[in-house]
Amino acid sequence: MATNVLSKLYADRIGFLPEKVTELPSSGSNRRYFRLSKADGTESIIGVLGTSLAENRAFIYMARHFASKGLPVPEVLEVSDDEMAYIQTDLGDTLLFKEIEKGRLTRSFSTAERDLLIKTVRLLPRVQFLGADGMDFSVCYPTSCFDERSIMWDLNYFKYCFLKATGLDFEEDSLEDDFRALADVLLKADVNTFMYRDFQSRNVMIRNGEPWLIDFQGGRRGPFYYDVASFLWQAKANLPESLRDELLTQYVDALQEFKPIEQAEFLEHLRHFVLFRTLQVLGAYGFRGYFEKKPHFMQSVPYAIANLRALLNRPYAEYPYLNELLHRLVNMKQFTEELTKKKLTVKVMSFAYKKGIPNDTSGNGGGFVFDCRAINNPGKYERYKPFTGLDAPVIEFLENDGEVTVFLDHCYSLVDASAARYIERGFTNLMVSFGCTGGQHRSVYCAQHMAEHIAKKFNIKVELIHREQDIQQTFNIKE
């Protein structure tokens, strides 16, 4: 039985055989993990069965080396004679990925979640610089250094396992030219640090409120930019830009102890590594999803595509063909349909209070309802009664009076803040209603201007309804 060797290692360490052996869920690798313990769960230890001797040796060596530097990693307790199995301390079951779940799903991260992310990103420079100190990089698996060969492996991984699988046509020669150009830029960075390579929230455990590191056996000598890109642009971490910027500032601040660098300089180099890491991740998702048929990886593709789409807002002019190809990729129907499902639609309505506040058919509770009745009412004058808030005489009356302008400025501030957060958090519906006595003048004017304002500022779909006039208008996204 495969676990017999782990049970023997457990007995060698603890003094008796484990009473309970439970296999833990696997991740992307072929390594198998087991929890060995007494029947009541005490005396718990993690056992590992590997399929690659070189990979096992890399982890065992790195774990012991990192521990000697005071870095938070599991202790390797016993190793089998053939080095194909070993046992290590049990750090528990709490992944950072799980601890920030609420924030990942809502894109609104609590103080506790932010604190864990800050602790983790500030730990990273210690891992990169202290970890490199005295390390024998020849032990690294599958390669000892981030070099041109390893870069091209990952870029071709993207090309063959993801790009080709989408069915998108491309010119291989032109793409290879830009791959070479990207590799040249990446190789200009200092590589005299430890590059974790897969530094992301699934590879960080939380124990007693502190981050602990796991699954670092694929690390090698390499530039520190790569791990920052890996962590902050992890597809399913779903970090909003504001939080990512905060974490970048925290990282650069912690980095000063080891390598003083200006944040602007750091960010300029980083953007190339973010592009490279995103392509590498898509290659991995393609292989695990398209070829190995693992749904977990396919579910991550829309998040990675969203990251790539955001990156392309600032063109990569250094790689013209790659830049053009990636624009075509993110705009493929199979990806834009997924994006459309998560786009915010704002419904703006005008109404008469005497006929009731409009219902929210999305089921989200109605959003903002603004009462326009404090604004000077043109409807009390006979000459304005035939008109609505869409007509020039009423518009002139309201704007000359001035009250409506001040009122709307306050409304804009409130709605803009919510719309920005809704977009950032991936919400799909927001409703804004304006009511007045008859739903004809003030509310119509305000609703019309709000709809135009939102559509112009955020370039999102806005559905405008003047209920009492039975008028509908849609402002669609401008490409």
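**Close-up 1. Helix α5 passes helix α8 in a right-handed crossing.** This is a predicted model. The two axes, α5 over residues 111–132 and α8 over residues 225–232, come within 11 Å and cross at roughly 160°. With angles over 145 degrees counted as roughly antiparallel, that makes α5 roughly antiparallel to α8.

**Close-up 2. Here's who meets whom between α5 and α8.** From α5 come L117, T120, V121, L124 and Q128, and they meet D227, V228 and F231 of α8. Sorted by class, the α5 contact with α8 has five nonpolar residues, two polar ones and one charged one.

**Close-up 3. Five strands line up as an open sheet.** Read across, the order is β1-β2-β3-β5-β4, with antiparallel pairing. The edge spots go to β1 (20–23) and β4 (76–79); each has a single partner strand, so one side of each is left without a neighbour in the sheet. From one strand to the next, the twist averages 25°.

**Close-up 4. Strands β3 and β5 run antiparallel, side by side in the sheet order.** Five bridges join β3 (residues 45–49) to β5 (residues 85–89). One to look for: L49 has A85 in β5 as its bridge partner.

Methods
Residues are numbered from 1 along each chain as its sequence is written. This is a predicted model: local features need pLDDT of at least 70, side-chain atom pairs count only at pLDDT 80 or more; totals for chains, interfaces and linings use all residues. Side-chain values use heavy atoms; hydrogens and water are left out. Axes are lines fitted to C-alpha atoms, for helices over the stretch in contact, and angles run from 0 to 180 degrees between N-to-C directions. Helices (H or I, at least four residues) and strands (E, at least two) are DSSP runs, numbered from the N terminus. Angles under 35 degrees count as roughly parallel, over 145 as roughly antiparallel, 65 to 115 as roughly perpendicular and the rest as oblique. A crossing is left-handed if the near helix is turned anticlockwise from the far one by less than a right angle, and right-handed if clockwise. Contact means heavy atoms within 4.5 Å. Ala, Val, Leu, Ile, Met, Phe, Trp, Tyr, Cys and Pro count as nonpolar, Asp, Glu, Lys and Arg as charged, and the others, Gly among them, as polar. Two strands pair if DSSP finds at least two bridges between them.
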